[in-house]
Amino acid sequence: MTAVHGHHAPLLPRAVFLRRLARNLLLGLVFIAASLLLGTAGYHGFAGLAWIDALLNASMILTGMGPVDPLTTTGGKLFATFYSLFSGVAFLSIVGVMVAPMVHRFLHRFHLDVEGAQDTPGAAKQPTRGAGR
């Protein structure tokens, strides 16, 4: 999106936008799956939780809901500490990646609408009553 003589590139065609959106959604889902895999393995290995309980705890922490099972091992507690810190940043980043194309398109369209209104003949600001007096 480079500006050429004060004009910006037009919106991407809908098909290109949808491909970009699908790519980002897929990338976000891959990061979610990898984060869940990491958390599940960590809770299973460090906290000794059964696989299904480890998955439940990992998904609850990743989404910010909090832990389900109390942790009794030092390794489990240390893992949960670092996984929680990771999850707080990861989840927000993942959501950002997934919605970025929609936000970008909205802002780009808004910018083009504003720029187009300024370029329209007769769109110049009319002096308001009492202005300059």
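A residue is called buried when its relative accessible area is under 20%, exposed when over 50%, and partly exposed in between. The structure described here is a predicted model.

**Arg105 and its surroundings**

Arg105 belongs to helix 3, which spans residues 74-119. Its relative accessibility is 15%, so Arg105 counts as buried. Apart from neighbours within four places in sequence, Arg105 makes contact with Leu11, Leu12, Pro13, Arg14 and Phe17. With Phe17 the arrangement is specific: Arg105 lies over the face of the ring, 4.6 Å from the ring centre.

**The aromatic cluster**

Across the whole structure, 5 aromatic pairs are found. One of them joins Tyr43 and Tyr83, and because the ring planes stand at 85 degrees, with centres 6.0 Å apart, this pair is edge-to-face. The two residues come from distant parts of the chain, since Tyr43 sits in helix 1 and Tyr83 in helix 3, 40 residues apart. Tyr83 also pairs with Phe86; here the centres are 6.0 Å apart and the planes make an angle of 35 degrees, a tilted geometry. Ring pairs connect Tyr43, Phe46, Phe79, Tyr83 and Phe86 into a cluster.

Tyr43, at 1% relative accessibility, counts as buried. Tyr83 is buried as well, at 2%. Phe86 has 36% relative accessibility and therefore counts as partly exposed.

Leu25 is placed in helix 1, residues 14-47. At 33% relative accessibility, Leu25 counts as partly exposed. The C-alpha atoms of Leu25 and Ala100 are 9.7 Å apart, although the two residues are separated by 75 residues in sequence.

Val95, Val99, Met102, Val103, Phe106, Leu107 and Phe110 make a nonpolar surface patch of about 630 Å². Phe110, one of these residues, is located in helix 3. Its relative accessible area is 51%, so Phe110 is exposed.

**Accessibility values**

| Residue | Relative accessibility | Class |
|---|---|---|
| Tyr43 | 1% | buried |
| Tyr83 | 2% | buried |
| Arg105 | 15% | buried |
| Leu25 | 33% | partly exposed |
| Phe86 | 36% | partly exposed |
| Phe110 | 51% | exposed |

Notes:
Residues are numbered from 1 along each chain as its sequence is written. This is a predicted model: local features need pLDDT of at least 70, side-chain atom pairs count only at pLDDT 80 or more; totals for chains, interfaces and linings use all residues. Side-chain values use heavy atoms; hydrogens and water are left out. Helices (H or I, at least four residues) and strands (E, at least two) are DSSP runs, numbered from the N terminus. Buried means under 20% relative accessible area, exposed over 50%, partly exposed in between (1.4 Å probe, protein chains only). Contact means heavy atoms within 4.5 Å. Patches are made of residues with over 30% relative accessible area and no salt bridge: like charges are joined within 9 Å, nonpolar side chains (Val, Leu, Ile, Met, Phe, Trp, Tyr) within 5 Å. Accessible areas come from the Shrake-Rupley method with a 1.4 Å probe; for residues, only the protein chains shown count as cover. A salt bridge is a side-chain nitrogen of Lys or Arg within 4 Å of a carboxyl oxygen of Asp or Glu. Rings of Phe, Tyr and Trp (its six-membered ring) pair if their centres lie within 6.5 Å; planes under 30 degrees apart count as stacked, over 60 as edge-to-face and the rest as tilted. A charge sits over a ring if NZ of Lys or CZ of Arg is within 6 Å of the ring centre and within 35 degrees of the ring normal.
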